[in-house]
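Reader: Could you walk me through a few spots in this model? I'll jump around a bit.
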Amino acid sequence: MELNCVQFLQNKTILVTGATGFLAKVFVEKILRVQPNVKKLYLLVRASDNEAATKRLHMEVFEKDLFKVLRENLGDEKLNTLLYEKVVSVPGDIATDQLGMNDSDLRERMQKEIDIVVNVAATTNFDERYDVGLGINTFGALNVLNFAKSCVKVELLLHVSTAYVCGEKPGLIPEKPFIMEDIRNENGLQLDINLERELMKQRLKELNEQDCSEEDITLSMKELGMERAKLHGWPNTYVFTKSMGEMLLGNHKENLPLVIIRPTMITSTLSEPFPGWIEGLRTVDSVIIAYGKGVLKCFLVDVNSVCDMIPVDMVANAMITAAAKHAGCSGVHMVYHVGSSHQNPVTFGEIHEIAVRYFTKNPLRSRNGSLITVSKVRFISTMALFSLYMTLRYKLPLQVLT
């Protein structure tokens, strides 16, 4: 990272939402490692009180292997001192007004001190409940914006979105903000975000009046989200609610500098703080592991299509660089796509070949301890061929057995 980006972080007070998330903790680790002279990091996490927030941050962030390089460089005592001096845990929830911060003294102190607001909080479930998706991804983003505007020294709001807010549009996707008034579906229906919220509330009210179980309410709200997303031209609730969040930010930002980062599928670290760190199975990783376990026999995909992935540390670097570039630039509204794109693409076919080589050399073991032998996946390029394959491979044999 260039020296001026590191210098930019010096003496800065930064609020980070969604601090226990995969990307946010990499972003926080990077700042503490390259610029220990950052003034303060306010880390917002979902928790009932300050004690619970502090405990959650230590268990889910600072005690992870991600921080082992920093721990080795400083030692436990100095690292603990650094965290004590620089990090403030903030219990809250972006889905509520004032970000759910009940401590008015803390809130007022933050409003006086904060220079940069970084919104990483999101729900990333593709089929999320519509009320939850709207609450966090859409109106939660607006709540963060409103809080940022209340900070007297604020220089920038950096909002993390997703490259897939583009929906299913083909071709080159420009780095430009959404204009809400221009969003119409193929039938000419204009998107109205407030109407979407009212529809959600009405459906939720009806379900509660019918005394539906929590399971039925969840299913119905998930179905509503997918239904509304597809009506307006998006493939799922996640990208639809993230798109509407971007629109609200653009419409209500006024003169506050706003930068939106749109990463593609985020994967493990490339190099910082060390190669290969990841937490859980993310995006394409679950498919790769399913192959290594021998349970993935066929896959509906064009082998020549690009699977756009980006290492998480590169996204964190892009966030810091964009902040350094645009902080204090009144009225700015920039969008950056962060992905491999056409510059360094990897196709599904190439991923498959790499997985074959890897699991042939490093096979996984089954529950009984035996090595799992992998074979090449059968790729199917169209839904019609996939349906035919499933019929011949599974449906007909089952019918014979019955």
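Predicted model: local features only at pLDDT ≥ 70, side-chain atom pairs only at ≥ 80, totals over all residues.
Reader: Which strand is Ile-261 in, and which residues does Ile-261 touch?
Author: Ile-261 belongs to strand β6, which covers residues 258-263. Not counting residues up to four places away in sequence, Ile-261 touches Leu-158, His-159, Val-160, Ser-161 and Thr-162, and also Ala-318, Met-319, Ala-322, Tyr-336 and Val-338.
Reader: Switching to β3, how many of its residues are buried?
Author: Strand β3, made of residues 87-91, is mostly covered, with five of its five residues buried.
Reader: Which residues point which way from β3?
Author: Val-87, Ser-89 and Pro-91 point one way, while Val-88 and Val-90 point the other way, and all of them are buried. In a regular strand the side chains alternate between the two faces of the sheet.
Reader: In what sense do β2 and β3 pair?
Author: Strand β2, residues 40-45, pairs with β3 in the parallel sense over five bridges, and Leu-44 stands opposite Val-90 in β3.
Reader: New topic, then: how many disulfides does the structure hold?
Author: The structure holds zero disulfides. Cys-5, for example, is in no disulfide, and the nearest cysteine sulfur, that of Cys-329, is 13 Å away, whereas a disulfide needs the two sulfur atoms within 2.5 Å. Cys-298 is in no disulfide either, with the nearest cysteine sulfur, that of Cys-307, 17 Å away.
Reader: Is Cys-5 buried or exposed, and what about Cys-298?
Author: Cys-5 is buried, as its relative accessible area is 5%, and Cys-298 is buried as well, with a relative accessible area of 14%.
Reader: What about the surface, which residues form a nonpolar patch there?
Author: Leu-385, Leu-388, Leu-392 and Leu-396 form a nonpolar patch on the surface, and together they have about 370 Å² of accessible area. Of these, Leu-392 lies in helix α14, residues 383-401, and counts as exposed because its relative accessible area is 53%.
Reader: Last one: where does Ser-220 lie, and which residues is Ser-220 in contact with?
Author: Ser-220 lies in helix α9, residues 214-231, and is buried, given its relative accessibility of 13%. Leaving aside neighbours within four places in sequence, Ser-220 is in contact with Arg-203 and Leu-207.

How values were computed. Residues numbered from 1 in each chain as written. Heavy atoms only, no water. Helix = DSSP H or I, 4+ residues; strand = E, 2+ residues; numbered from the N terminus. Buried < 20%, exposed > 50% of the residue type's maximum accessible area, 1.4 Å probe, protein only. Contact = heavy atoms within 4.5 Å. Patch = residues over 30% accessible without salt bridge, like charges linked within 9 Å, V, L, I, M, F, W, Y side chains within 5 Å. Areas by Shrake-Rupley, 256 points an atom, 1.4 Å probe, with all protein chains shown as cover. Salt bridge = Lys/Arg side-chain N within 4 Å of Asp/Glu carboxyl O. Pairing = 2+ DSSP bridges.
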